[in-house]
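Subject: Structure handover

Hello,

Here is the structure you were expecting. My notes on it follow below.

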Amino acid sequence: GFEVKKIVEEASKKDFSHLVILNEDRKKINGLLIIYLPEGPTAHFRVSNMVLSKDIKGHGNPTNHRPELILNNFGTRIGHRVGRLLATLWPFDPQFRGRRVVTMHNQRDFIFFRHHRYIFEQMED
């Protein structure tokens with residue numbers, strides 16, 4: 001493998017804004033490291049469960065539109081800090097036409113992450 005320090009140096013040279021590293025053990029993802037470049041902060045999260053969209057029956061097809069971001073229940077002092085770090089992973093100008101939403105919900109120090117699309121149903125007269 002590669003040393004994280006060397007990866008950070010290379011990513012900083014190429015003007016990357018973030019570095020996201022997934023850790024796995026026995027082909028199962030168990031950790032997430034988010035590094036805000038060039039000088040931090042860095043956050044490490046333990047991943048307890050993950051379901052890929054391809055494994056969800058009847059999932060919607062992704063689009064290239066920038067998603068709307070919803071942060072829910074990040075009201076404490078540390079919650080504000082973590083929420084701001086997570087929010088910087090997405091552009092600040094969502095394209096509502098794509099009807100894409102990224103939701104992060106904090107509950108008892110677990111962060112639930114969902115990426116979904118929505119539709120508007122036509123009302124019948």
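Start with helix α2, residues 77-87. In this predicted model, α2 lies across β4, β5 and β6. Its direction makes an angle of about 165° with β4.

Those three strands form an open sheet. The order is β4-β5-β6, and the pairing is mixed. At the edges sit β4 (68-72) and β6 (110-117), each pairing on one side only. On average, neighbouring strands of the sheet are turned by 15° against each other, with direction ignored.

Now the pairing between β4 and β5. Strand β5 covers residues 100-107. It runs parallel to β4, and five bridges join the two.

Next, the nonpolar cores. Which residues make up the largest one? There are nine: Ile34, Ala43, Phe45, Phe74, Leu85, Leu86, Trp90, Val102 and Met104. Three elements each supply at least two residues of this core: β3 (42-46), α2 and β5.

Set aside its neighbours within four places in sequence, and Phe45 is in contact with Asn30, Gly31, Leu32, Ile34, Val82, Leu86 and Ile111.

Then the overall picture. The protein has two helices and six strands. From the N terminus on, the elements run α-β-β-β-β-α-β-β. The C-alpha atoms fill a box of roughly 60 × 35 × 35 Å along the principal axes.

A few totals for your files:

- Burial: 22% of the 125 residues count as buried.
- Contacts: among those between residues at least 6 apart in sequence, 42% join residues at least 24 apart.
- Surface: the protein exposes about 10,700 Å², and carbon and sulfur atoms supply 52% of it.

Best wishes

Technical notes. Residues are numbered from 1 along each chain as its sequence is written. This is a predicted model: local features need pLDDT of at least 70, side-chain atom pairs count only at pLDDT 80 or more; totals for chains, interfaces and linings use all residues. Side-chain values use heavy atoms; hydrogens and water are left out. Two strands pair if DSSP finds at least two bridges between them. Helices (H or I, at least four residues) and strands (E, at least two) are DSSP runs, numbered from the N terminus. Axes are lines fitted to C-alpha atoms, for helices over the stretch in contact, and angles run from 0 to 180 degrees between N-to-C directions. Contact means heavy atoms within 4.5 Å. A nonpolar core is a set of buried Ala, Val, Leu, Ile, Met, Phe, Trp, Tyr and Cys residues joined through side-chain atoms within 4.5 Å. Buried means under 20% relative accessible area, exposed over 50%, partly exposed in between (1.4 Å probe, protein chains only). Accessible areas come from the Shrake-Rupley method with a 1.4 Å probe; for residues, only the protein chains shown count as cover.
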